[in-house]
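Here's a quick briefing to read alongside the model. Have the sequence and the 3D view open as you go.

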Amino acid sequence: MRFWALQKLLGLSLKRDASLAYSSIFGIGLATGSLLFFLGLGFGLTSFIQHLFPVEAKRVEVKAPQWVVGETEYKKLDEVACTDFQKLKHVRALFRKMEVRAPGITRVNDDILGMRIDMGLEVMAVGVEPALFGEDIEQALFVEDEEAVPAILSTYLIDVYNQHFAPKNGLASLKGDMLKGFGFDVIFNRSFFAGNTGERVRQEFFVAGFSPKAFLAGISIPLESAKRLNRTLGREAEQYSSVVVEVDDSTHIASVIQQLERLGFKTDEGERRFVQQLGLATWATTGALSLLSILIGVLATINIAQGLSHSLHMREGELAIFRAVGATSAQLVGVVVAQAFILALAGGGLGVLAAWGGGYLLDGFLFQALGAITWLPKRFFMLPVGVYLGGVMGAILAALLGVWGPSRRLLRRGIAEVLAGR
Amino acid sequence: MIFVHNLTKIFEKAAHAQGVHALSIPSLEVSLGEFVALTGKSGSGKTTLLTILGGLDSCYEGEVQVGGEVLAKLSSRALAKFRAETVASVFQSFHLIPGWSAEENVALPALFSKTSRRGVRPRALQMLEAVGLHDKAKSTPAQLSGGERQRIAIARALFAGARLLLCDEPTGNLDTQTTQGMVDLLSRLNAEGLTLVVATHEPLLLSAASRHLTLAEGRLQ
Ligand SMILES: Nc1ncnc2c1ncn2[C@@H]1O[C@H](COP(=O)(O)OP(=O)(O)O)[C@@H](O)[C@H]1O
Ligand SMILES: [Mg+2]
């Protein structure tokens, strides 16, 4: 059949069955659109969770052993232990952390951003290996310096300040980099809660950057600075507070945790489990909603099949005439299939547009509702182009499935019978 | 042109064990250029015979040869080609496409052939001219009379250049004047070389025909 002929016959059948065409397009569009929308939300939320809780699947944190009543000895989390960790199978890297083991306060009495700030703050400091922050920070700034120790603040801290503290106290909100370079003193061995705990030591710090991986309730400083401060303060300076163990592949994490436990160390799995469960819950919900969409798709397919069946029945006489003037079975089936293909393409395209638009609106709504939180993802709705394409392909497949039965039934009846009106 | 040998046609009915014995024809021949009128009471088998000859019904016993083709031996594809090119069937109800113009209706067979688009319009107009409706090319069936629709149906049947025309009661729904026009048209087509088999009771048509065949309960008299 020539293309112009196909075009003419398609025009005829689409016009004849306009309501069928619209309802098919609507059904397919609804199914494709909702499926893509829910998938996009699932992808978006998953990546948001990963962004919010950056416990990577490849890392596990070994906490310093706690004193256990009745035990006389405990495993020290020191360089010896680290050497052991390094030797474990599948371990790729270690990131040591050491708290500054004395309380400290900072007295801020300064003009900050045009405002007179005068307040005392309890400060906890933890030393970390610079590599832990990766590209979150300017690595060149993050080196031990007795004059002024670089401090990394948690990104979330800024948000908490902007969302709650600043508005309540009539202070201007901060934009991350405004604070960079800001210097402050901490006096260690002094605490509002614990009073004086030893000889006071004063150390100057400056804000060197922000990272979501930074210690939330204090400042993160270079490991070497923490060691030096602990030595100066006369505290334990050989044992680490915790060690982050990175494995070569996330599938080996369980085996590494087992090996660490065999060595007598406890890992902090709570957060990992929480994130995993959150991720699972997200996908369970996404899965349920997607299933619903697939159900809609099945209904749309049945709708197409029934509608087409009905319409072919109504047009039986016309189709018999087509055959009487020389149309082959293949040609008639071709027209029916082409019709379904066009409906699916239109419906699928509509679905893609609807999902995209829905995601766009949802994003807009959420960003407006959640305001100035800086650690929000770029989008809540994320969908790879491939999934969009897959959605359209699925719609086409479903529609072809829907015409399979009717188009076979189409050719079963004899031409003479139909034309005689029997 | 037509050669029939030992043709029997039985309509199987699910309810009765005995089917309807619709046709029983030991032998029938129609030569090129003949104008055959097929008569017989209603239910005698005229329509059944025409549909078998037109390749629209393949459920029968016996041999049917039309235009040199043994119909039972044709594949469904070859049968479609046979319907497209060798034989032209015109039915009692015209089965025109409502929204399409006369010209488009006449050109319907072109949609299923390998014809290039360019030749289609001139050919359709030529066919309309042949049935005397060249001035109605743009009219839709709703704007045409019964006789005009019948002519459109004939023009469509002849579009692909068939040499055999099978007509089922072409004057069934026409008034006397239009009937005369139809008789003239068929006579002229026959004079131009078309072989005709026409089921009819119309005296005017019967007198125009070169041979009469009468069916009674599926048998030739
Ligand atoms: N599809 C069919 N199923 C059952 N019986 C049929 C069918 N078509 C025709 N018949 C029967 O076959 C006989 C011949 O019918 P038909 O060829 O239409 O006669 P005519 O055209 O001469 O009026 C009639 O008895 C009719 O009832
Ligand atoms: Mg009849």
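Ser89(B) has Leu166(B) in E7(B) as its bridge partner. Strands here are DSSP runs of E with at least two residues, helices are H or I runs of at least four, and both are numbered from the N terminus. This is a predicted model, where local features need pLDDT of at least 70, side-chain atom pairs count only at pLDDT 80 or more, and totals for chains, interfaces and linings use all residues. Residues are numbered from 1 along each chain as its sequence is written, while chains are lettered from A and ligands numbered from 1 in the order in which they are written.

- E6(B) and E7(B) run parallel, with four bridges between them; strands count as paired if DSSP finds at least two bridges between them.
- Both faces of E6(B) are covered, with Val87(B) and Ser89(B) buried on one side and Ala88(B) and Val90(B) buried on the other.
- For burial, count the other C-beta atoms within 10 Å of a residue's own, placed from the backbone: 20 or more is buried, 12 or fewer is exposed, and in between is partly exposed.
- E6 belongs to an open, mixed sheet of six strands in chain B, ordered E6-E7-E8-E3-E9-E10.
- Its edge strands are E6 (87-90) and E10 (219-220) of chain B, each pairing on one side only.
- Strand E7 (164-168) and strand E8 (195-199) of chain B are parallel partners over five bridges, and Leu165(B) sits opposite Leu196(B) in E8(B).
- Helix H1 (46-53) of chain B lies across E3, E6, E7, E8 and E9 of chain B, at about 150 degrees to E8(B).
- That angle is between N-to-C directions on a scale from 0 to 180 degrees, with axes fitted to C-alpha atoms, for helices over the stretch in contact.

**Ligand 1**

- The shell around ligand 1 holds 14 residues, and the closest are Phe11(B), Ala22(B), Lys46(B), Thr47(B) and Thr48(B); the cut-off is a C-beta atom, placed from the backbone, within 6 Å of the ligand.
- The site is shared between chains because residues from both A and B surround ligand 1.
- Strand E2 (20-30) and H1 of chain B are the elements that give two or more residues to this shell, and H1(B) gives the most, with three.

**Where chain B meets chain A**

- 22 residues of chain B contact 23 residues of chain A, a contact being two C-beta atoms, placed from the backbone, within 7 Å.
- H2(B) gives the most to chain B's side, with six residues.

**Two isoleucines**

- Ile97(B) is in the loop between E6 and helix H3 (102-106) of chain B, and counts as partly exposed because it has 17 C-beta neighbours inside 10 Å.
- Setting aside neighbours within four places in sequence, Ile97(B) contacts Leu12(A), Glu318(A) and Asn105(B).
- Ile152(B) is in helix H5 (146-158) of chain B, and counts as buried because it has 25 C-beta neighbours inside 10 Å.
- Beyond four places in sequence, the residues Ile152(B) touches include Phe94(B), Leu96(B) and Asn105(B).

**Confidence**

- Chain B averages a pLDDT of 90, and 97% of its residues score at least 70; pLDDT is the predictor's confidence in each residue, from 0 to 100.
- The predictor gives the complex an ipTM of 0.90 and a pTM of 0.67.
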